[in-house]
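Let's take a walk through this one together. Have the chain open in your viewer and follow along.

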Amino acid sequence: MQRQVGLWIVRGAVCAAVAALVLPPLSGGPVAAASHTVTVPLVAGQTPADGGFNFNGYGHGGMTVEVPAGWKVVVQFRNASALPHSAMIAPVAAAQAGVPPATPAFAGGAARDLTTGLAQGVTATFSFTAAKPGTYAIVCGVPGHAAAGMWDKLVVSASARTPTVAPATAAHLRSE
Ligand SMILES: [Cu+2]
């Protein structure tokens, strides 16, 4: 009888160990180690919407890119417009107020020539780690452009598992 009880205890311990291996971590727990990078195509002045002051055809916060917190975000920026444009990650309140800050919300989160803008057809890639959950803006740093509506939203989510964009047709995100 003593031997039988001992066997049950061992079997219980084995089952608990197997369950810990098979079950996914609880939400909010540590994310399994892996390469987590999302590439976001961002085209300034792609359409005449918002007087051309748009990214991928959306201005005034009309496009929302959501990425899981901790992911690396690579922005492939291109200016399709005859007007110079740039892009940066900034607090959403600053973008809504039409006053983007001098430095981005995340290190590396801005294209070069932030306030002078890039000429038509010029591309610039910049990348940053979406380290802190919250709602941010993707905004043009050329004076007057944010006020004209040239900003969209970047949500850094503590609960999302994969990057998404809304509307879904606004950009083709690539995750790896
Ligand atoms: Cu601009």
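Are cysteine 140 and methionine 150 buried or exposed? Cysteine 140 and methionine 150 are both buried, where buried means under 20% relative accessible area, exposed over 50% and partly exposed in between, with a 1.4 Å probe and protein chains only. Before going on, a word on the ground rules: this is a predicted model, in which local features need pLDDT of at least 70 and side-chain atom pairs count only at pLDDT 80 or more, while totals for chains, interfaces and linings use all residues. Residues are numbered from 1 along each chain as its sequence is written, and side-chain values use heavy atoms, with hydrogens and water left out.

Now for the metal. The copper ion is coordinated by His85 (ND1), Cys140 (SG), His145 (ND1) and Met150 (SD), at 1.9 to 2.8 Å. Donors here are N, O and S atoms within 2.8 Å of the metal (3.2 Å for Na, K and Ca), and water is not among the atoms, so sites may look incomplete. Along the chain, the donors of the copper ion follow the spacing H-x54-C-x4-H-x4-M. Cysteine 140 and methionine 150 sit 10 residues apart, both in the loop between β6 (134–139) and β7 (151–157). Why is the arrangement of donor atoms around the copper ion irregular? Because the angles that the four donor atoms subtend run from 81 to 138°. Four donors count as tetrahedral if all angles lie between 85 and 135 degrees; four count as square planar and six as octahedral if opposite donors are over 155 degrees apart and all others between 65 and 115; anything else is irregular.

Step back to the fold. You'll find two helices and nine strands in the chain, with the elements running α-β-β-β-β-α-β-β-β-β-β from the N terminus on. Helices (H or I, at least four residues) and strands (E, at least two) are DSSP runs, numbered from the N terminus. Four strands make an open, mixed sheet in the order β5-β3-β1-β9; strands pair if DSSP finds at least two bridges between them. β5 (123–129) and β9 (174–175) are at the edges with a single partner strand each, so one side of each has no neighbour in the sheet. Strands β1 (residues 37–44) and β3 (residues 72–79) run parallel, joined by eight bridges, and proline 41 stands opposite glutamine 76 in β3.

Then there are the rings. Three aromatic pairs turn up, counting rings of Phe, Tyr and Trp (its six-membered ring) with centres within 6.5 Å; planes under 30 degrees apart count as stacked, over 60 as edge-to-face and the rest as tilted. The pair of phenylalanine 55 and phenylalanine 77 is edge-to-face, because the centres are 6.5 Å apart and the planes at 65°. Phenylalanine 55 is in the loop between β1 and β2 (64–68) and phenylalanine 77 in strand β3, so this pair ties together parts 22 residues apart in sequence. Phenylalanine 106 and phenylalanine 128, by contrast, are stacked, with centres 5.6 Å apart and planes at 0°. Ring pairs also link Phe106, Phe128 and Tyr136 into a cluster.

Last stop: serine 157, in strand β7. At 10% relative accessibility, serine 157 counts as buried. Leaving aside neighbours within four places in sequence, serine 157 is in contact (heavy atoms within 4.5 Å) with Glu66, Val67, Pro68 and Ala69.
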